[in-house]
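Subject: Structure for your review

Dear colleague,

Please find below the structure that I am handing over to you. I would be grateful if you could read the notes that follow with the structure open beside them.

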Amino acid sequence: MGAARAVPAGQLPLPPALPAAAAQLLDQAHRGLAEAARCVDPRERYATAHLAALRAAAAVLAARTRPEPARGRPRSAWVLLERIAPELGEWATFFAAGAAKRAAAEAGLSHAVTEREADDLVRDVGAFLSVVEHCLAAPAPVAAEPTRSPFTRPRVVGASASRPRR
């Protein structure tokens, strides 16, 4: 075991440094999103934004897993993301659902995506990147604890409206 770093009284310890591969993937995701925003063709904009989301997912996987020998069939990054970072499960499902549309857009199919779909995806990938950065800045959740979505409302305890009337 390595020696623990001394933390001055009154200060919180810094989270562990982001692995270089994860930081590089996160940077690529930001650059990809910026490139997507500049694309005129909605197919290219959609595909580029989706790839930026994929790089952000890969950054989470790089930060939270260690390489293992390949066993069996390769798994989708979205499937792995849902398993490794359950708090990002809804995002993983959302982007997995758009993979076929991205493939159609990359293939150049004329009606693969609309302007609106491309614009919406660019916006959604921006939100996903923010969530990923928040997840990577915080320590990884302990697997034994149930994860809560940051978007759920807290339960009100002891509120008078929730008490049964007698």
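The findings are set out below, from the overall fold to individual side chains.

Please bear in mind throughout that this is a predicted model.

Overall architecture

The chain contains six helices and zero strands, and its pattern along the sequence reads α-α-α-α-α-α. Of its 166 residues, 29% count as buried. Among contacts between residues at least 6 apart in sequence, 72% join residues at least 24 apart. The chain exposes about 11,700 Å², and carbon and sulfur atoms supply 58% of that area.

The nonpolar core

The largest nonpolar core has 32 residues. Those that touch the most other members are Trp-78, Leu-81, Leu-88, Phe-95, Val-125, Phe-128 and Val-132. At least two residues of this core come from each of helix 1 (20–38), helix 2 (42–64), helix 3 (77–84), helix 4 (89–97) and helix 6 (115–137). The most is given by helix 6, with 10 residues.

Helix 6

The buried residues of helix 6 are Ala-118, Leu-121, Val-122, Asp-124, Val-125, Phe-128, Leu-129, Val-131, Val-132, Cys-135 and Leu-136. Helix 1, helix 2, helix 3 and helix 4 are among the elements that cover these buried residues.

Trp-78 and the aromatic residues

Which residues does Trp-78 touch, not counting those up to four places away in sequence? They are His-50, Ala-53, Leu-54, Ala-57, Ala-92, Phe-95, Ala-96 and Phe-128. Trp-78 has a relative accessibility of 5%, so it counts as buried, the cut-off being under 20%.

A search of the whole structure finds seven aromatic pairs. In one of them, the rings of Trp-78 and Phe-95 have centres 5.2 Å apart and planes at 25°; the pair is stacked because planes under 30 degrees apart count as such. This pair links distant parts of the chain, since Trp-78 lies in helix 3 and Phe-95 in helix 4, 17 residues apart. Phe-95 is itself buried, with a relative accessible area of 1%.

Phe-95 also forms an aromatic pair with Phe-94, and this pair is edge-to-face, with 5.0 Å from centre to centre and 70° between the planes. Is Phe-94 buried, partly exposed or exposed? Its relative accessible area is 38%, so Phe-94 is partly exposed, a class that runs between 20% and 50%. Taken together, ring pairs link Trp-78, Trp-91, Phe-94, Phe-95 and Phe-128 into a cluster.

Cysteines

With kind regards

Methods:
Residues are numbered from 1 along each chain as its sequence is written. This is a predicted model: local features need pLDDT of at least 70, side-chain atom pairs count only at pLDDT 80 or more; totals for chains, interfaces and linings use all residues. Side-chain values use heavy atoms; hydrogens and water are left out. A nonpolar core is a set of buried Ala, Val, Leu, Ile, Met, Phe, Trp, Tyr and Cys residues joined through side-chain atoms within 4.5 Å. Buried means under 20% relative accessible area, exposed over 50%, partly exposed in between (1.4 Å probe, protein chains only). Helices (H or I, at least four residues) and strands (E, at least two) are DSSP runs, numbered from the N terminus. Contact means heavy atoms within 4.5 Å. Rings of Phe, Tyr and Trp (its six-membered ring) pair if their centres lie within 6.5 Å; planes under 30 degrees apart count as stacked, over 60 as edge-to-face and the rest as tilted. Accessible areas come from the Shrake-Rupley method with a 1.4 Å probe; for residues, only the protein chains shown count as cover.
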